[in-house]
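Here is a short report on one protein chain. Look at the sequence and the 3D view, then read on.

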Amino acid sequence: MVRRWSVAALAALCGVLIAAARFGDGAPGTAALLLALFLVLAFVLSPLVFPRAAAADDRPVVYWRPGCVFCLRLRARLGPDADRLRWVDIWQDPSAAAAVREITGGDETVPTVVIGGRGHVNPDPSWLRDQIVPTTPSQA
């Protein structure tokens, strides 16, 4: 559990230390701004940004881990469509980490997406959106 939050906690701690130093130098406005920026960074790097993993269902699975910039990119580019996927943290689920190692040939490269039984390592977000968003028939 600690490992999942380590990157976010480090960002928050750095922000507090830098803000304290700026406050001590007599720049409270700069200190507040830097603290706010580091706390936003800590939130973005935390597991809170990703949807919680639900029970196994027929949705495509995205294996991810906290602090992964490629996972953050995928999550951000999918926007609200990310809820159409089942997000599984490989640091929280050892069987998920094993599944990723099997797909990638021994590495824990994330994001790894499984759609229809086929694994895709670090897929393009627009390609993934095309796979998960149902197309509407064109109206004539």
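A residue is buried when its relative accessible area is under 20%, exposed when over 50%, and partly exposed in between (1.4 Å probe, protein chains only). By that scale Cys-14 is partly exposed, with a relative accessible area of 31%. Cys-71 is buried, at 0%. The structure holds zero disulfides (pairs of cysteine sulfur atoms within 2.5 Å).

The model is predicted: local features need pLDDT of at least 70, side-chain atom pairs count only at pLDDT 80 or more, and totals for chains, interfaces and linings use all residues. Residues are numbered from 1 along each chain as its sequence is written, and side-chain values use heavy atoms, with hydrogens and water left out.

**Overall layout**

The chain has five helices and four strands. Helices (H or I, at least four residues) and strands (E, at least two) are DSSP runs, numbered from the N terminus. Along the sequence the pattern is α-α-β-α-β-α-β-β-α. Of the 140 residues, 36% count as buried.

**The sheet**

Four strands form an open sheet with the order β2-β1-β3-β4 and mixed pairing. β2 and β4 (118–121) stand at the edges with a single partner strand each, so one side of each has no neighbour in the sheet. From one strand to the next, the twist averages 25°. Two strands count as paired if DSSP finds at least two bridges between them. The pairs are listed here.

| Strand pair | Sense | Bridges |
|---|---|---|
| β1 and β2 | parallel | four bridges |
| β1 and β3 | antiparallel | three bridges |
| β3 and β4 | antiparallel | four bridges |

Val-61 has Arg-86 in β2 as its bridge partner. Val-62 has Val-113 in β3. Val-113 also stands opposite His-120 in β4.

Are the faces of strand β1 (residues 61–64) covered or open? Both are covered: Val-61 and Tyr-63 on one side, and Val-62 and Trp-64 on the other, are all buried. From β1 the chain crosses through helix α3 (residues 69–78) to β2, and this β-α-β crossover is right-handed. Right-handed means that, with the strands pointing away from the viewer, the path from the first strand over the helix to the second runs clockwise.

**Helices on the sheet**

Contact here means heavy atoms within 4.5 Å. Axes are lines fitted to C-alpha atoms, for helices over the stretch in contact, and angles run from 0 to 180 degrees between N-to-C directions. β3 and β4 pair in the antiparallel sense. α3 packs on the sheet and touches β1, β2 and β3; its direction makes about 160° with that of β2. Helix α4 (residues 94–104) also packs on the sheet, touching β1, β2, β3 and β4, and its direction makes about 85° with that of β3.

**The core**

A nonpolar core is a set of buried Ala, Val, Leu, Ile, Met, Phe, Trp, Tyr and Cys residues joined through side-chain atoms within 4.5 Å. The largest one has 29 residues, and Tyr-63, Trp-87 and Leu-128 touch the most other members. Elements that give two or more residues to this core are α1 (2–24), α2 (28–45), β1, α3, β2, α4, β3 and α5 (125–132). Not counting residues up to four places away in sequence, Leu-128 touches Leu-74, Leu-78, Leu-85, Val-113 and Ile-115.

**A loop residue**

Asn-122 lies in the loop between β4 and α5. Asn-122 counts as partly exposed, at 30% relative accessibility. Leaving aside neighbours within four places in sequence, Asn-122 is in contact with Phe-70, Arg-73 and Pro-111.
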